[in-house]
Amino acid sequence: MIFIKCPHCHVGLKVDEGKIPLDIASFKCPKCKQLIPISLLSKEEKERDNNSETQVLFCNQQKGKMGYLSVTANEFTPEQTIPLHEGTLTVGRKTTSQLADIGIETTDKAMSRKHIQIEIKKDAKGAYKHFLSDNKSKNHTLYNSKYLKDGEIVVMNNGDEIIIGRTVLHFYE
Ligand SMILES: [Zn+2]
């Protein structure tokens with residue numbers, strides 16, 4: 001956990017470094033709504049100033065424990081954040097037919113309509129686990145720079161990269 005002060009309004013902020021999305025350069029102060037550069041987090045304070053107001057950031061994201069997919073914008077695809085929910089979900093290019101459970105807005109034809117499958121379920125300790133597999137897609141799925149084999153199922157971790165077609169997604173818990 002990192003404690004910093006907002007450089008604008010000086011509110012104390014408690015940041016869970018493991019929950020910060022990797023693809024952001026700055027974040028909004030929850031109090032004054034001004035942007036704070038991520039680089040400020042490297043100047044962490046080990047001691048919390050108990051007299052100051054402290055707000056918690058990135059610890060209890062509204063997106064919830066089920067995690068979410070962050071879609072990186074490219075020439076075919078606008079930036080998107082897709083919340084996940086419990087169950088078995090197919091993910092792919094959003095079209096008017098053969099709908100996946102989660103449709104990505106894109107004109108990326110290298111992405112199948114049901115390209116990957118994500119299964120989200122609780123383990124014995126009650127923590128959510130996220131299982132990813134390729135859904136027999138035409139162009140296969142790159143997971144952390146390696147192609148998923150037929151029938152291979154991986155457990156995703158925070159920040160993992162998934163490339164389907166020409167579109168890059170990241171999984172965040
Ligand atoms: Zn502020």
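**View 1. The bridge between Gly92 and Gly103 in strands β8 and β9.** Gly92 has Gly103 of β9 as its bridge partner. Strand β8 covers residues 87-93 and pairs with β9 in the parallel sense over three bridges. Two strands pair here if DSSP finds at least two bridges between them. Strands (E, at least two residues) and helices (H or I, at least four) are DSSP runs, numbered from the N terminus. The model is predicted: local features need pLDDT of at least 70, side-chain atom pairs count only at pLDDT 80 or more, and totals for chains, interfaces and linings use all residues. Residue numbers start from 1 along each chain as its sequence is written.

**View 2. The open sheet of five strands.** In this sheet the strand order is β9-β8-β10-β11-β14, and the pairing is mixed. Its edge strands are β9 (102-104) and β14 (154-155), each of which pairs on one side only. In the chain as a whole there are 16 strands and zero helices.

**View 3. Strand β16 and its partners β6 and β15.** Strand β16 (residues 167-172) pairs with strand β6 (residues 68-71) in the antiparallel sense over four bridges. Within this pairing, Ser70 has His170 of β16 as its bridge partner. β15 and β16 also pair in the antiparallel sense, over four bridges. Here the bridge partner of Ile164 is Thr167 in β16. The hairpin of β15 and β16 has two residues between the strands, and Gly165 takes a positive phi near 65° there.

View 4. Ile163 belongs to β15, which spans residues 161-164. A residue is buried if 20 or more other C-beta atoms lie within 10 Å of its own, exposed if 12 or fewer, and partly exposed in between, with C-beta atoms placed from the backbone. Ile163 counts as partly exposed because it has 19 C-beta neighbours inside 10 Å. Neighbours within four places in sequence aside, Ile163 is in contact with Leu142 and Val168. Contact means that the C-beta atoms of two residues, placed from the backbone, lie within 7 Å. Between the C-alpha atoms of Ile163 and Lys146, which are 17 residues apart along the chain, the separation is 9.6 Å.

**View 5. Gly67 in the loop between β5 and β6.** Gly67 sits in the loop that runs between β5 (54-57) and β6. Gly67 counts as buried because it has 20 C-beta neighbours inside 10 Å. Not counting residues up to four places away in sequence, Gly67 touches Leu84, His130, Phe171, Tyr172 and Glu173. The C-alpha atoms of Gly67 and Tyr172 are separated by 5.5 Å, although the two residues are 105 apart along the chain. Across the chain, residues 24 or more positions apart account for 49% of the contacts with a separation of 6 or more. Buried residues make up 23% of the 173 residues.

View 6. Lys33 is not a glycine, yet its phi is positive, about 65°. Lys33 is placed in the loop between β3 (26-28) and β4 (35-37). Lys33 is exposed because 9 other C-beta atoms lie within 10 Å. Asn144, also a residue other than glycine, has a positive phi near 45°. The loop that holds Asn144 runs between β12 (141-143) and β13 (146-147). Asn144 has 13 C-beta neighbours inside 10 Å, so it counts as partly exposed.
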